[in-house]
Amino acid sequence: MAVSLLANDVSDLCIGKPAVRALPLSAAAGDLAATVRKGPRAACIAVGPARGAVVGRAGLADVLCLLCSSPDALARPAAALARPVSALLPKDGAGEVRRVDPRSSVLEALDEILSGAQVLAVPLRNGGRKKQLAGVVGVTSDFCWLTQEDLVRYFLNSISLFYHVAARSVSSLGLVRPDFLSVRPDEAALSAVPLIRRAIASETAVAVVSADGHLVGEISTAHLAACDETAAAAIATLSAADLMAYIDYFGSPPEHILRAIKTGLKAKGLDAMLELMEDETMTSFSLSSSSSDEDTGRAYLRRPSSGSFGRRSTEEPVVCSPASSLVAVMVQALAHRVSYLWVLDEEDDCRLAGIVTFADILRVFREQLL
């Protein structure tokens, strides 16, 4: 089984993948925010002075954490956005990016992920013209990401070879982790910033859990990445529950949420953040007012509002039960483009029991290949 499954090399999993957008470490955090808005993928790599050296990955969620990292950053957002991209990269090695040779085996890539790499940078072997990084002589952006999701999908395509574990429950396989990241709905969202940083590194989210243990929602780093820098104002002033609403309806949040943000900014003396928020709001209104059905040249970041306030119909956390099978969890996670599922215990009034992550799922397959 292992021989047939692992005959492919890493480049086979990268067919059709686009090159990631890249920035030098000296680029400003604000430049990164502007860059990721130009396309659908909210992530960039930062490269060092050595040719092809991949240092890390950063996106808008990282920029928001930077803006909320200290009172000074909130008070002077322009200065925070002028800081170099290197300031966004974790100092503790969390969320590590490793470069792998495209000729490496799938097993080698799997071992890199399971030994601590969040994502793998794979040089593209297309033989075409390489895109030059602006301002960085001799460095090219000819990399693509190989993610945990790619590996999980790879194993799902060969799930019949793992029939003896595919139908087993995630509980029986020991995949339900009780040590998830969480906050209470009424806690200040700003207090969750360290947890959001950890969620970025682990590719999970922060659960918003009621006092009696029920899952109210989540602060998803993927959804944060669909916002812009002004979401820092919401993080600085709102509760965790209201931040969820702001993220879900970003671009057209309820008026009382906007009033709460502006009141909170004024109360904290964050005039520069308030000015940034109002400038972006006016710019967004101007752009949306002048757009037409024929205007397809501009990519709009903001998601449209849908449903009623308080109802998260399109943004519900993805959940399973302890009895869910391994293959069912894999299919569910891949269908929703998430790398984790929250586990609700039906025998305990559907309280939050834990989390199942792609990293732990991949460990199951690695054990089967021994």
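Mentor: We'll take confidence, cores, strands and salt bridges in turn.

Mentor: Some ground rules. This is a predicted model, where local features need pLDDT of at least 70 and side-chain atom pairs count only at pLDDT 80 or more, while totals for chains, interfaces and linings use all residues. Residues are numbered from 1 along each chain as its sequence is written, and side-chain values use heavy atoms, with hydrogens and water left out.

Trainee: What does the pLDDT average, then?

Mentor: The average is 82, and 79% of the residues score at least 70. The score is the predictor's confidence in each residue, from 0 to 100.

Trainee: Where is it below 50?

Mentor: Residues 127-140 are one such stretch. Beyond near neighbours in sequence, that stretch has 23 contacts in the model; contact means heavy atoms within 4.5 Å. Residues 282-314 also fall below 50, with 37 contacts counted in that way. Where pLDDT is low, the predicted coordinates should not be read in detail.

Trainee: OK, the core. Which residues touch the most other members?

Mentor: Ile219 and Ile261, in the largest nonpolar core, which has 56 residues. Helix α4 (residues 60-67) gives the most to this core, with seven residues. A nonpolar core here is a set of buried Ala, Val, Leu, Ile, Met, Phe, Trp, Tyr and Cys residues joined through side-chain atoms within 4.5 Å. Buried means under 20% relative accessible area, exposed over 50%, and partly exposed in between (1.4 Å probe, protein chains only). Helices (H or I, at least four residues) and strands (E, at least two) are DSSP runs, numbered from the N terminus.

Trainee: What is isoleucine 219 in contact with?

Mentor: Leaving aside neighbours within four places in sequence, its contacts include Ile196, Ala205, Val206, Leu224, Ala240, Leu243 and Ile247. There is also a second, separate core of 54 residues, with Cys14, Leu156, Val338 and Val356 among them.

Trainee: Back to isoleucine 219. What stands opposite it?

Mentor: Valine 206, with isoleucine 219 sitting in β9. Strand β8 (residues 205-209) pairs with β9 in the antiparallel sense, over five bridges. Two strands pair if DSSP finds at least two bridges between them. Five residues lie between the strands of this hairpin, and glycine 213 has a positive phi near 90 degrees.

Trainee: Why is β9 called largely enclosed?

Mentor: Because five of the six residues of β9 (residues 215-220) are buried. Helix α13 (residues 240-248) is also largely enclosed by the rest of the structure, because seven of its nine residues are buried. Among them are Ala240, Leu243, Met244 and Ile247.

Trainee: What do the buried residues of α13 pack against?

Mentor: β7 (182-183), β8, β9, α11 (221-224), α12 (231-237) and α14 (255-267).

Trainee: New topic. What about the sheet of three strands?

Mentor: An open sheet, in the order β10-β11-β12, with mixed pairing. β10 (319-320) and β12 (351-357) stand at the edges with a single partner strand each, so one side of each has no neighbour in the sheet. β10 and β11 (residues 340-345) pair in the parallel sense over two bridges. Valine 319 has tryptophan 342 in β11 as its bridge partner.

Trainee: And alanine 333: buried or exposed?

Mentor: Buried, at 1% relative accessibility. Alanine 333 is in helix α16 (residues 326-336). Beyond four places in sequence, alanine 333 is in contact with Val338, Leu341 and Phe358.

Trainee: Last bit. How many salt bridges are there?

Mentor: A search of the whole structure finds 13. The criterion is a side-chain nitrogen of Lys or Arg within 4 Å of a carboxyl oxygen of Asp or Glu.

Trainee: What does arginine 366 form a salt bridge with?

Mentor: Aspartate 111, with the closest N and O atoms 2.6 Å apart. Arginine 366 lies in helix α17 (residues 358-368) and aspartate 111 in helix α7 (residues 106-114), so the pair ties together parts that are 255 residues apart in sequence. Arginine 366 counts as buried at 17% relative accessibility, and aspartate 111 as partly exposed at 31%.

Trainee: Which residues do shared partners join into one network?

Mentor: Arg177, Asp179, Asp360 and Arg363.
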